[in-house]
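Colleague: Could you walk me through this one? I'd like to know what stands behind each label.

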Amino acid sequence: MNNVTFGRYTPYSTFAHRLDPRNKLFIVILLMVSIFLQFQVWSTTLLLSAVMLILFIVIMLISRVSFIDLFKSLKSMWMLVIFLLAIYIFIPNPTYHWEWYRFNASYAIYWDSLYQCGYIILRLILMISLTMVLTATTKPMDLTYAFEWYMTPLKVIRFPVHEIAMTLSIALRFIPTLLDETDRIMKAQASRGVDFNHGGLFKRFKAVISLIIPLFVSAIQRSEELSDAMEARGYDPRAKRTRYRRLTFSWRDIIGLLIGLIIFGGILFLFIWDHNVEKLDLFQLIFKINVGF
């Protein structure tokens, strides 16, 4: 359970930590969209993916996000990697034409399959690293305030913005708590002879049941205690509320926003050009610019 890093805030005083959470959320959305823009030519897609990977490594270094935590999170993806390989290799797309290895006259493995599988895995790695940066540099309450601020226009149609934001805040706050509780229950059950790592399918299923039931009971008890505490303090979701900490933009947010817009604008420009020009190859484009054509 310690391998899961989503929702774990690490208190540092970096450039990313000091950004306004509304600005960070907007930049993350721009980068997420950039990750899912796929080009027609392999070289263009791979080159821009490599640029995005280097960019995210720099962002993680600036934010002081642990690469060890990222690798621990990626360990849980090996089943997904095997599943994707099986899907793309044994169910090839009819448009694939770059053959790598042929078993017989009717079946072959294509480079296109390996490329598509690797590209999806790279996307997942970029998404996980970006999510880690967001959650590691932003307090859960600040992230909730950012969501609530973006949903403010929905108040016109009487949408329960504050209730949704509070629910989201509690969910984010309870993620690390439930992970720690799961780790505690696993250690307690292991001390009583429960083995979560060995045995057959039925034995492992019984071990998981011995973990899930106490975890659900603990979660329900915590939710009841929280609701009683909020009710005892007179919490009213419909009442007009003030904030102890007000979110403000600074020069750091302007710099971060400009960098995010420049990156997104450049990738979007290449994406539009790629789909308007017949088979644009970014390597050929760079060569033409360098030689002066």
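Predicted model: local features only at pLDDT ≥ 70, side-chain atom pairs only at ≥ 80, totals over all residues.

Colleague: How do you know that the span of helix H1 agrees with what it should be?

Modeller: The expected span of a helix is 1.5 Å times one less than its number of residues. H1 has 15 residues (21–35), so it should span 21 Å, and its end C-alpha atoms are 21 Å apart, which agrees.

Colleague: And what makes H1 "mostly covered"?

Modeller: In H1, 12 of the 15 residues are buried. Buried means under 20% relative accessible area, exposed over 50%, and partly exposed in between (1.4 Å probe, protein chains only). Among the buried ones are Pro-21, Leu-25, Val-28 and Ile-35. For the protein, buried residues make up 34% of the 293 residues.

Colleague: Why are H1 and H5 called roughly antiparallel?

Modeller: Look at helix H5 (residues 111–137): its axis and that of H1 come within 10 Å and cross at roughly 175°. That makes the two roughly antiparallel, since angles over 145 degrees get that name, under 35 count as roughly parallel, 65 to 115 as roughly perpendicular and the rest as oblique. Axes here are lines fitted to C-alpha atoms, for helices over the stretch in contact, and angles run from 0 to 180 degrees between N-to-C directions.

Colleague: Which residues meet there?

Modeller: On the H1 side they include Leu-25, Val-28 and Leu-31, and on the H5 side Leu-126, Met-127 and Leu-130 are among them. Contact means heavy atoms within 4.5 Å.

Colleague: Why is Ser-63 called buried?

Modeller: Its relative accessibility is 1%, so Ser-63 counts as buried. Ser-63 sits in helix H2 (residues 42–63). Leaving aside neighbours within four places in sequence, Ser-63 is in contact with Thr-14, Ala-16, His-17, Val-133 and Thr-137.

Colleague: Is Arg-158 buried or exposed, and how do you know?

Modeller: Exposed, because its relative accessibility is 77%. Arg-158 is in the loop between helix H6 (140–150) and helix H7 (161–191). Arg-158 also has a positive phi of about 60°, although it is not a glycine. Most residues other than glycine have a negative phi. Arg-64, in the loop between H2 and helix H3 (67–75), has a positive phi too, near 60°.

Colleague: What makes Glu-148 and His-162 a polar contact?

Modeller: Their side chains are joined at 3.5 Å. A polar contact is a pair of N or O atoms within 3.5 Å; within protein, one must be able to donate a hydrogen and the other to accept it, and residues adjacent in sequence count only if both atoms are side-chain atoms. Glu-148 lies in helix H6 and is buried, because its relative accessible area is 8%.

Conventions
Residues numbered from 1 in each chain as written. Heavy atoms only, no water. Helix = DSSP H or I, 4+ residues; strand = E, 2+ residues; numbered from the N terminus.
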